[in-house]
Amino acid sequence: MSELGELDRPGTPDSPGAWDEHSQEWLTGAAETDVRDTETTQTPSQTTTPATRAGRRGTADPVKALMHRHRELCERAVDPLEIAAGLEAHGVTDRTAARFRHRDVFSLAEEMYARVSKDAETAPLSTPPPAPGVRADWVLLSMLPGALCAATVTGLHLTEGRVRPAVATLGALAVALAVRAALGRGPLSAKSHPAPPGTYPRRPSAATRVWTYWLLAYALLGNDLLTVALTDGPHGVPAAVRDLSPAPALALTLACVPAAWCAHLFAAGARRKLAASRGLADFTAAVKPLLLGAVALFLCLSTVLVALCATVLHEPAAYTTTVTLGALLLLARLLTKHGFTHAPAVVLGAAAAAEAATLATAFASHAPGCAFLAAPLDAVVAAGGPAGIPAAACGGAALLLLLHATRSLTRASAHATPGEPG
């Protein structure tokens with residue numbers, strides 16, 4: 001886990017420089033200044049040199065020098081909370097704040113914000129934006145994928161022959177576009193929160209989307225393909241595609257609604273905790289249960305949806321496959337939404353690679369002299385069924401992302417600005 005925890009750790013950017021002579025002396029000559037002050041104290045009769053006087057002036061107001069170093073952060077901040085989150089992202093801790101004569105980072109940020117407000121007489125700062133709210137557009141967009149998937153499943157049950165593949169293709173395209181629209185706006189949108197300073201780019205890479213599509217496709221076809229691959233080989237693929245079970249896909253698309261609401265509750269709750277906290281440790285301790293509660297709520301709601309879909313469609317309920325994949329996608333989206341895109345890409349890719357390697361091994365076992373490759377897979381399938389493999393891959397990946405999220409999403413820098421409503 002040590003490598004995973006380092007993937008999205010904010011870095012400490014280089015200083016843009018000071019805007020006056022004294023702050024530059026404080027930034028670059030703190031050690032020399034301490035020596036000069038000590039020598040002057042030991043020999044009070046000695047004449048004070050200009051360098052010593054400059055050093056004393058440089059150390060008289062360390063907060064001003066810190067403001068010079070983070071000038072852009074101070075100028076664009078709309079409230080002290082944003083400065084506190086930005087300082088934390090740059091590596092300033094409560095212990096560091098004590099060197100600036102403050103009990104914590106929040107107290108230091110309040111003084112910096114007050115000084116900026118006092119200096120900016122000609123351009124008053126805007127009022128802090130409100131906490132994210134609920135909008136009708138993202139509520140409807142979160143419901144659209146499930147509605148279109150339900151319509152597609154209904155069409156598949158009412159059609160036969162050559163019309164059925166056309167209905168499946170058009171329905172899949174419509175659901176994909178609806179999911180893209182739901183992720184483009186609202187609580188699951190990566191545009192809602194800018195990336196914390198020093199982190200990886202906010203936008204998810206093309207590889208992340210490819211891994212997500214693969215995981216969704218495997219949830220729809222993978223178990224049946226693995227079964228026929230171990231028994232009939234490539235000759236059984238057409239039958240597996242024809243007899244696919246749409247219940248997992250329907251449950252996952254319907255789960256967009258609880259995922260959006262859980263993400264919204266977590267973002268709004270974290271913003272309230274940020275406003276009420278008096279230290280970085282206090283904020284982390286308050287937000288961690290909020291994150292775990294949001295994930296647990298989603299798991300409960302998605303389990304109910306899986307049971308409901310299986311009952312309506314008269315199919316076996318694939319709890320392990322669907323619920324673990326839903327948790328994995330939720331955590332990956334939460335991290336991406338708050339600017340941490342590298343870890344989700346790596347973990348999703350690892351889960352997809354595990355599933356792809358399983359199918360490739362199953363099909364390769366039918367090659368001459370390669371029957372021994374199917375022995376481990378036969379043992380796993382006999383113990384937990386074909387759903388055990390995606391459940392293990394997605395469940396392990398979700399656990400890794402959850403551990404990473406408890407470190408990344410519980411930092412104040414991950415909630416620096418409230419972003420767009422909803």
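Me: Is His314 buried or exposed in this one?
Reply: Exposed: in this predicted model, His314 has a relative accessible area of 74%. That clears the cut-off, because exposed means over 50%.

Me: Where does His314 sit?
Reply: His314 is in the loop between α16 and α17.

Me: OK, α16 then. What should its 34 residues span, and what do the end C-alpha atoms give?
Reply: At 1.5 Å a residue, α16 should span 50 Å, and its end C-alpha atoms are 49 Å apart, so the two agree.

Me: What about Leu299, which helix is that in?
Reply: Leu299 belongs to α16. With 30% relative accessibility, Leu299 counts as partly exposed.

Me: What does Leu299 touch, leaving out residues up to four places away in sequence?
Reply: Val323 and Ala327. Ala327 is 28 residues from Leu299 in sequence, and their C-alpha atoms are 6.7 Å apart.

Me: Switching to the next helix. Where's Thr322?
Reply: Thr322 is in α17, which covers residues 319–337.

Me: Buried or exposed, that Thr322?
Reply: Buried, at 5% relative accessibility. The cut-off for buried is under 20%, so Thr322 qualifies.

Me: And what is Thr322 in contact with, beyond its neighbours within four places?
Reply: Pro248, Ala251, Leu252 and Val306.

Me: Now α10. How far does that helix reach?
Reply: α10 runs over residues 136–158, which is 23 residues, and reaches 32 Å from its first C-alpha to its last.

Me: Where does α10 bend, and by how much?
Reply: The bend is at Leu144, by about 30°. A proline, Pro145, follows within four residues.

Me: Which residues of α10 are buried?
Reply: Trp138, Leu141, Ser142, Pro145, Gly146, Cys149, Thr152, Val153, Gly155 and Leu156.

Me: Why would the spacing in a list like that come in threes and fours?
Reply: An α-helix has 3.6 residues a turn, so residues three or four places apart point the same way.

Me: And what do the buried residues of α10 pack against?
Reply: Four helices are listed: α11 (163–184), α14 (247–254), α15 and α16 (280–313).

Me: Jumping towards the end of the numbering. Where is Pro390?
Reply: Pro390 is in α20, residues 388–408. Pro390 is also buried, with a relative accessible area of 1%.

Me: What does Pro390 touch, not counting residues up to four places away?
Reply: Tyr218, Asn223, Thr321, Thr324, Glu355 and Gly395. As for Ala351, 39 residues from Pro390 along the chain, the two C-alpha atoms are separated by 8.2 Å.

Me: And Val380, what's the story there?
Reply: Val380 is in α19, residues 374–384, and is partly exposed at 37% relative accessibility. With residues up to four places away set aside, Val380 touches Gly385 and Ile389.

Me: Last bit, the whole chain. How many helices and strands?
Reply: The protein chain has 20 helices and zero strands. Of its 422 residues, 45% count as buried.

Me: What share of the contacts joins residues at least 24 apart?
Reply: 78%, taken among contacts between residues at least 6 apart in sequence.

Me: And how much accessible surface does the protein chain have?
Reply: About 20,500 Å², with 65% of that belonging to carbon and sulfur atoms.

Terms used:
Residues are numbered from 1 along each chain as its sequence is written. This is a predicted model: local features need pLDDT of at least 70, side-chain atom pairs count only at pLDDT 80 or more; totals for chains, interfaces and linings use all residues. Side-chain values use heavy atoms; hydrogens and water are left out. Helices (H or I, at least four residues) and strands (E, at least two) are DSSP runs, numbered from the N terminus. Buried means under 20% relative accessible area, exposed over 50%, partly exposed in between (1.4 Å probe, protein chains only). Contact means heavy atoms within 4.5 Å. The expected span of a helix is 1.5 Å times one less than its number of residues. The bend at a residue is the angle between axes fitted to the seven residues ending there and the seven starting there. Accessible areas come from the Shrake-Rupley method with a 1.4 Å probe; for residues, only the protein chains shown count as cover.
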